[in-house]
Amino acid sequence: MRKFLLAACASVSFVASAAHAENVGVSMALFDDNFLTVLRTGMQDYAKTQKGVTLQIEDAQNDVAKQQSQIQNFIASNVDAIIVNPVDTDATAAISKLAADAGIPLVYVNRQPVNVDSLPDKQAFVASDEKQSGTLQTKEVCRLLKASGAKEASAVVMMGELSNQAARVRTQDIKDVIATPECSFIKIVEEQTANWSRTQGADLMTNWLSSDVKFNAVIANNDEMAIGAIQSLKAAGKNMKDYVIAGIDGTQDALAAMQAGDLDVTVFQNAAGQGRGSLDAALKLAKGEKVDKKVYVPFELVTPDNAKKYVVKN
């Protein structure tokens with residue numbers, strides 16, 4: 001009888017622990033991206049603090065079809081929840097339907113899904129409010145140009161992937177700030193996409209320089225493109241003091257460029273915080289708990305005066 005009771009207790013203990021175990025499938029748009037790497041690491045670090053939580057993280061390699069296939073595989077594997085960093089924010093309605101039909105909780109992270117205002121039950125979005133990012137960035141560019149004594153200024157705009165909601169909103173933020181009376185002295189002379197890429201940002205800047213485009217400000221939708229622009233300007237022998245360079249994300253590479261005196265503005269987007277927040281929301285939904293449909297992690301303006309606050313010490 002004693003052996004039976006011990007066996008029964010062990011069985012109950014196993015069931016109880018299994019009930020708390022959570023298997024979460026994660027589809028990231030792209031592994032080869034500095035910001036998304038920090039986000040992914042934040043998610044993984046948080047998972048290590050949660051007993052019984054297992055992450056299955058896949059790289060969609062910027063391929064919409066591959067990402068949808070990953071979602072289908074997660075569903076077939078009967079994961080407890082799914083986290084998606086969308087390749088194409090206009091393709092999220094189909095992903096939402098797949099998860100909803102399977103009854104599996106779904107959390108979008110960082111990139112706002114096109115159906116954010118009509119997400120099914122047990123689905124949420126964790127990110128930062130993009131209206132803050134481009135607005136903070138461009139207001140600081142405007143302030144710096146004014147402080148330099150500029151009566152007129154020309155800016156080039158480097159946009160992220162046009163299929164990405166963040167790129168569209170950040171670019172519109174730039175235009176909205178420039179349309180205000182206090183910043184209307186700035187004129188946008190060129191705007192093109194460099195797809196969030198440092199290499200493409202460098203190539204785009206080289207093209208503008210070879211075409212003799214005149215400008216004194218570079219406003220990039222992210223830090224990687226801004227760093228690419230800096231590399232090309234320096235390679236062309238330009239004096240960085242003649243330009244105001246702005247990015248978004250507050251990556252460690254961007255902070256290093258700021259400390260070197262090359263980058264003037266960035267906006268810290270808490271990638272690790274978004275990673276933790278998305279996993280926290282997914283785990284709560286998997287347990288049947290209530291979660292806000294939109295969870296925002298604030299942006300913060302970063303300048304040379306406060307940059308040290310954001311540097312991660314190894």
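The sections below treat the basis of the model, the sheet, one of its strands and the cavity.

## Basis of the model

The model is predicted, and local features need pLDDT of at least 70, side-chain atom pairs count only at pLDDT 80 or more, and totals for chains, interfaces and linings use all residues. Residues are numbered from 1 along each chain as its sequence is written, and side-chain values use heavy atoms, with hydrogens and water left out.

## The sheet

An open sheet of 6 strands runs in the order S2-S1-S3-S4-S5-S11, with parallel pairing. Strands (E, at least two residues) and helices (H or I, at least four) are DSSP runs numbered from the N terminus, and two strands pair if DSSP finds at least two bridges between them. Strand S2 (53-59) and S11 stand at the edges with a single partner strand each, so one side of each lacks a neighbour in the sheet. On average, neighbouring strands of this sheet are turned by 20° against each other, direction ignored.

Helix H2 (residues 34-48) packs on the sheet and touches strand S1 (22-28), S2, strand S3 (81-84) and S4, where contact means heavy atoms within 4.5 Å. The direction of H2 makes about 160° with that of S2. Axes are lines fitted to C-alpha atoms, for helices over the stretch in contact, and angles run from 0 to 180 degrees between N-to-C directions.

## Strand S5

Strand S5 (residues 123-127) pairs in the parallel sense with strand S4 (residues 106-109) over 4 bridges. Val107 has Ala124 as its bridge partner in S5, and Tyr108 has Phe125. S5 also pairs in the parallel sense with strand S11 (residues 294-296), over 3 bridges; here the partner of Phe125 is Lys294.

Of the 5 residues of S5, 5 are buried (under 20% relative accessible area; exposed is over 50% and partly exposed in between, with a 1.4 Å probe and protein chains only). Gln123, Phe125 and Ala127 cover one side, and Ala124 and Val126 the other.

## The cavity

A search of the whole structure finds 1 cavity of 30 Å³ or more, and the largest cavity has a volume of about 170 Å³. On a 1 Å grid over the protein atoms alone, a cavity is a set of points where a 1.4 Å probe fits but cannot get out, and lining residues have an atom within 4 Å of a point.

Of the 14 lining residues, Phe35, Asn110, Arg111, Trp196 and Asp249 are the closest to the centre. H2 and helix H6 (165-178) are the elements that give two or more residues to the lining.

Technical notes
1 Å grid on protein atoms, 1.4 Å probe; cavity = no way out; pocket = protein on both sides within 12 Å on 5 of 7 lines; lining within 4 Å. Points joined across faces, edges and corners; volume = space filled by probe spheres on them.
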